[in-house]
Amino acid sequence: MNKKSKMLILVLIIVAFIMAGLIFLNSKFNRAIEQGQTAVEQNREDIFSQPGFCDPKEKWKSEAKDDSGKVQLISEAEFKLIENPTECTALHWDMKGEEMASFVESHIDNWYAGDWEMHESSLYNVGEGENTETYYSLRKNFWLFDKTTGTDLPWEVEVNYDAVSGRLHSIGYSLPNKEDMRLAFIDIMEQFGEDKMTSGEMFEKVFKGLETLEGDKYISYEQDGYELYMTEQDYFTGMKKNKKYWMSISPSI
């Protein structure tokens with residue numbers, strides 16, 4: 001065997017070792033990913049199996065599968081053509097939306113002081129196919145405005161209420177940190193007649209569940225006629241990544 005043949009065999013052996021090594025590393029990498037995904041799924045299952053908690057994603061999948069959530073958006077002009085419209089089929093509180101909006105306007109600086117601006121909008125949905133649900137909602141949004149840059153900041157409070165009866169549908173908000181979120185929650189729940197200790201414990205339970213989650217962070221929780229939805233998201237100021245939270249409070253069956 002000449003020198004050239006020996007070199008070729010040596011190169012082939014080295015390539016074979018390299019390929020074997022890459023296959024081994026790729027296999028370990030894939031196993032690590034699978035184990036990580038399994039751990040995340042188990043983590044979510046552990047949290048959502050606790051009383052009151054559920055995975056909003058599973059609820060959305062269920063609605064999409066059986067068409068029960070299919071709706072058609074209609075314009076305000078189309079809504080006004082409806083003869084003698086009745087209160088929509090969504091859940092409501094007896095409290096009027098205007099009452100909650102006035103409360104927010106008078107307390108919002110206690111939650112986070114700044115240049116808040118109020119905007120009004122509306123949303124009208126009617127069910128498609130076998131879905132007979134309707135949602136006629138007026139909305140008052142309170143946005144925090146940055147006068148220095150002339151832009152809206154990612155903090156807001158929204159109050160949704162029935163366009164026919166005026167009864168409150170929900171209230172949602174996003175504030176800079178946990179303590180601001182907690183203070184607003186306790187104040188809002190007090191308007192529904194809940195005591196501060198019970199509300200504080202409820203908030204801590206939901207927040208702890210959210211923070212314990214791995215992967216996508218969104219959580220739903222029901223207690224005493226309330227449905228709470230909370231999520232954690234990232235936002236950027238320049239190159240800096242920050243956290244922000246969103247919580248909505250709605251009536252439950």
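A: The model is a predicted one. In strand β6, which runs over residues 168-174, seven of the seven residues are buried, and the strand is mostly covered.

Two pairings involve this strand. With strand β5 (residues 151-162), β6 pairs in the antiparallel sense over six bridges. Glutamate 156 stands opposite serine 174 of β6. Between β5 and β6 the hairpin has five residues, and glycine 166 takes a positive phi near 85° in this hairpin. The other partner is strand β9 (residues 240-251), which also pairs with β6 in the antiparallel sense, here over three bridges. In that pairing, isoleucine 171 is opposite isoleucine 249 of β9.

The largest nonpolar core has 42 residues, and Ile249 belongs to the group that touches the most other members, together with Met100, Val104, Tyr173, Phe192 and Met230. Phenylalanine 192 has contacts beyond four places in sequence with Trp93, Met95, Met100, Leu168, Tyr226 and Ile249. Apart from this core lies another one, of six residues, including Ile74, Phe79, Cys88 and Val126.

At the start of α6, a side-chain oxygen of aspartate 195 comes to within 3.1 Å of the backbone nitrogen of methionine 197. The buried residues of α6 are Ser199, Gly200, Met202, Phe203, Val206, Phe207, Gly209 and Leu210.

Leu210 is also one of the contacts of threonine 231. The place of threonine 231 is in strand β8 (residues 226-237). Threonine 231 counts as buried because its relative accessibility is 7%, against a cut-off of under 20%. Its side chain reaches the backbone oxygen of lysine 217 at 2.8 Å. Leaving aside neighbours within four places in sequence, the contacts of threonine 231 also include Lys217, Tyr218, Lys244, Tyr245 and Trp246.

To return to the strand asked about: β6 has antiparallel pairings with β5 and with β9, and seven of its seven residues are buried.

Note on methods
Residues numbered from 1 in each chain as written. Predicted model: local features only at pLDDT ≥ 70, side-chain atom pairs only at ≥ 80, totals over all residues. Heavy atoms only, no water. Helix = DSSP H or I, 4+ residues; strand = E, 2+ residues; numbered from the N terminus. Buried < 20%, exposed > 50% of the residue type's maximum accessible area, 1.4 Å probe, protein only. Polar contact = N/O pair within 3.5 Å; in protein donor to acceptor, adjacent residues only side chain to side chain. Contact = heavy atoms within 4.5 Å. Core = buried A, V, L, I, M, F, W, Y, C linked by side-chain atoms within 4.5 Å. Pairing = 2+ DSSP bridges.
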